[in-house]
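The sequence and the structure come first.

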Amino acid sequence: MIQGKVEICGVNTAELPRLTGAQMRSLLEKARAGDKNAREELISGNLRLVLSVVQRFAGRGESMDDLFQVGCIGLIKAIDCFDLGQNVQFSTYGVPMITGELRRFLRDRSAVRVSRSMRDTAYKVLQVKEKLTAETGREPDVETIAKALDIPRQEVCFALEAICDPVSLYDPVYSEAGESVTVMDQIGDARNTDEHWLEQIALEEAMRRLTDREKRILALRFYDGRTQMEVAQAVGISQAQVSRLEKNAIRQIKKNISA
């Protein structure tokens, strides 16, 4: 909600005009006939629409002035491309156009680089999505977009995922009474737990207490996967000695870990 005077790009958003449905249609007809003044009125009369969309993209690290200007480009494209023959309100067509322009702007400035071919596919997907939304009044599903572009469903999914904004691990996903749960809190790691790290430290400490020969025997047996006979030949001792040293080393490790 706009409260008081808020200036974006030098525009006082509290004084932005509002257009009725009848005014919108009349101005659109005049603009389509080449009336530049009507086109300017349409742009100024729909800046509130731009502002409402821009506010959804706040907090992305971009200047609100820059986002507002990009949104205005989307608005102008929507005005120039809107089909008066379609039985839909201008906002139904304009919002996806403005949103698409803002997403392209943020995607092109993202630190995450996406291949040119993937960006081109994503751009086509967004165009078709915006067109079908305007025609039907609802967002099309992936299957419909894939059929319209004559490409596999998987490509549509990959393209849409490629242009999604990265999510910080510390972004809150739920808040209540001042307590926030972040993305990081929702990620589980069964391997790198505190218990795992303690066991790893204890094992490393126990290994340090073995003799060099015992360490080598264990490495050959359990890292290289050699038999006791092969280890005996490599170390230059009997198989019986390898067996005894191996058992003694494992016993020492267990003892030191449980100590």
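## Salt bridges

A salt bridge is a side-chain nitrogen of Lys or Arg within 4 Å of a carboxyl oxygen of Asp or Glu. A search of the whole structure by this criterion finds 9 salt bridges.

## Basis of the model

The model is predicted: local features need pLDDT of at least 70, side-chain atom pairs count only at pLDDT 80 or more, and totals for chains, interfaces and linings use all residues. Residues are numbered from 1 along each chain as its sequence is written, and side-chain values use heavy atoms, with hydrogens and water left out.

## The chain overall

The protein chain has 13 helices and 4 strands; these are DSSP runs numbered from the N terminus, helices being H or I with at least four residues and strands E with at least two. Of its 259 residues, 32% are buried, where buried means under 20% relative accessible area, exposed over 50% and partly exposed in between (1.4 Å probe, protein chains only).

With contact meaning heavy atoms within 4.5 Å, 52% of the contacts between residues at least 6 apart in sequence join residues at least 24 apart.

## Individual pairs

Lys 129 and Glu 139 form a salt bridge with an N to O distance of 3.6 Å. The two are 10 residues apart and link distant parts of the chain: Lys 129 is in helix α6 (residues 116-136), Glu 139 in the loop between α6 and α7 (142-149). Lys 129 is buried at 18% relative accessibility, whereas Glu 139 is exposed at 56%.

Arg 221 pairs with Glu 246, the closest N and O atoms being 2.7 Å apart. Glu 246 is buried, at 8% relative accessibility.

In the salt bridge of Arg 209 with Glu 205, the closest N and O atoms are 3.9 Å apart. Arg 209 is exposed at 54%, and Glu 205 partly exposed at 35%. Lys 77, Glu 101 and Arg 104 are joined in a network of salt bridges.

## Helix α2

Helix α2 spans residues 36-45, and its buried residues are Ala 38, Leu 42, Ile 43 and Gly 45. Their cover includes α1 (21-32), α3 (47-54) and α4 (64-81). At the start of α2, a side-chain oxygen of Asp 35 comes within 3.0 Å of the backbone nitrogen of Asn 37.

Key
A polar contact is a pair of N or O atoms within 3.5 Å; within protein, one must be able to donate a hydrogen and the other to accept it, and residues adjacent in sequence count only if both atoms are side-chain atoms.
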